[in-house]
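Please report on the fold, the model confidence and the chain pairing here.

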There are 2 protein chains.
Amino acid sequence: MQAQRQRKVEVTTAELSRRLLGASLRPSMQRLAVLGDLCHHYDHPTVDTIYSRLHPQMPTLSKTTVYNTLRILCEAGLVRSLNIEYANQRFDGHLEPHDHFICTGCGQVYDLPHNRAGRLPDFGDMGLHVEREEISYYGLCRECQEKR
Amino acid sequence: MQAQRQRKVEVTTAELSRRLLGASLRPSMQRLAVLGDLCHHYDHPTVDTIYSRLHPQMPTLSKTTVYNTLRILCEAGLVRSLNIEYANQRFDGHLEPHDHFICTGCGQVYDLPHNRAGRLPDFGDMGLHVEREEISYYGLCRECQEKR
DNA sequence: TTGCATCTTGTAATTATTACAACTTTAAAA
DNA sequence: TTTTAAAGTTGTAATAATTACAAGATGCAA
């Protein structure tokens, strides 16, 4: 959530490790690092951003590992991937239900409180089984509004 | 909308031309072809799909032109671009408000009736100016449910 | 018709992503 | 303990998506 960006919630390594084990994933250094990065930032980073942040501390880290790890974490439900316009794939380590605002000026992504009734809609009559919902708003952030 | 996929709404070249002119865009063959393709199909095609469908009839058409044209049409609001997981960028020429269901098994995109109160929410207190909303549901279509 | 702006084309460059094979680490069995 | 097998990581190479750019074509307006 927006507010948490300030709060700086620290997630301990023990907690990250517990989450990985809970998903039957071995808590390797690389996985702890990637999951930790996503839990400690609220900027919905790209693969490249994550790699660039971790690489200085872990010079042997491979970008392929970041790709692999993100795929595995997504499949395990520990991370969600975000598909937004004007950018390549991004990731979010914060799993509480929330929506996103994407600034079409600068590309920045903001978290929003989840704006929706509790349950997912039912499209069973169309043969569709809904598992997940993604709501995104597009517009201009304050800075970009002022620029125009 | 789902139902229209059967109805096969035919949009005349005159109407496509009118739309382009209305957006101050010269109604070239290429633009008419790309916009027409999007208006006559309900499959949310990729750049490559559009190019492959048009190329046999217009052998000189360049893929760069398809990219350029789609960008221009999106900027003009005549087409919307769609960002869904498990796939590269897709496009939709049907502008009536509607949502999407994306099958995580086969990647097919289905149109859904717009499931939302009339107005866009207001995030003015956060400094955000919302212009557009995108709601996507993820899950399995009938065929993919049966396969599992 | 001439000239200019717009549009289209094709190639080349860039960027994102995936494939794959070799190497390393871990955990559990012998 | 060693051994072994599975899981995980790495780097390179390949592929795919997208953008940059310069040259050529088209259409409109003077």
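The report below covers confidence, fold, a helix pair and symmetry.

This is a predicted model, where local features need pLDDT of at least 70, side-chain atom pairs count only at pLDDT 80 or more, and totals for chains, interfaces and linings use all residues. Residues are numbered from 1 along each chain as its sequence is written, chains are lettered from A and ligands numbered from 1 in the order written, and side-chain values use heavy atoms, without hydrogens and water.

**Confidence.** Chain A has a mean pLDDT of 86 (pLDDT is the predictor's confidence in each residue, from 0 to 100). In chain A, 91% of the residues reach 70 or more. Residues 1-6 of chain A fall below 50. Beyond near neighbours in sequence, that stretch has 17 contacts in the model (contact means heavy atoms within 4.5 Å).

**Fold.** Chain A has six helices and five strands (DSSP runs numbered from the N terminus: helices are H or I, at least four residues; strands are E, at least two). Along the sequence the pattern is α-α-α-α-α-β-β-β-β-β-α. The C-alpha atoms of chain A fill a box of roughly 45 × 40 × 30 Å along the principal axes.

| Helix 3 | Helix 5 | Angle | Axis distance |
|---|---|---|---|
| chain A, residues 29-40 | chain A, residues 63-76 | about 70 degrees | 10 Å |
| chain B, residues 29-40 | chain B, residues 63-75 | roughly 70 degrees | within 10 Å |

Axes are lines fitted to C-alpha atoms, for helices over the stretch in contact, and angles run from 0 to 180 degrees between N-to-C directions. Helix 3 of chain A is therefore roughly perpendicular to helix 5 of chain A (65 to 115 degrees; under 35 is roughly parallel, over 145 roughly antiparallel, the rest oblique). In chain A, Gln30(A), Arg31(A), Val34(A), Leu35(A) and Leu38(A) of helix 3 meet Thr65(A), Thr69(A), Leu70(A), Ile72(A) and Leu73(A) of helix 5.

**Symmetry.** Chain B can be laid on chain A with an RMSD of 0.1 Å, by a turn of 179 degrees and a shift of 0.0 Å along the axis. The two copies are thus related as by a two-fold rotation axis. Copies are superposed by least squares on C-alpha atoms of residues with pLDDT of at least 70 in both. Of the residues of chain B, Ile135(B) comes closest to the rotation axis, at 2.3 Å (C-alpha). The copies meet through the same surface, because 100% of the interface residues of chain B are also interface residues in chain A.
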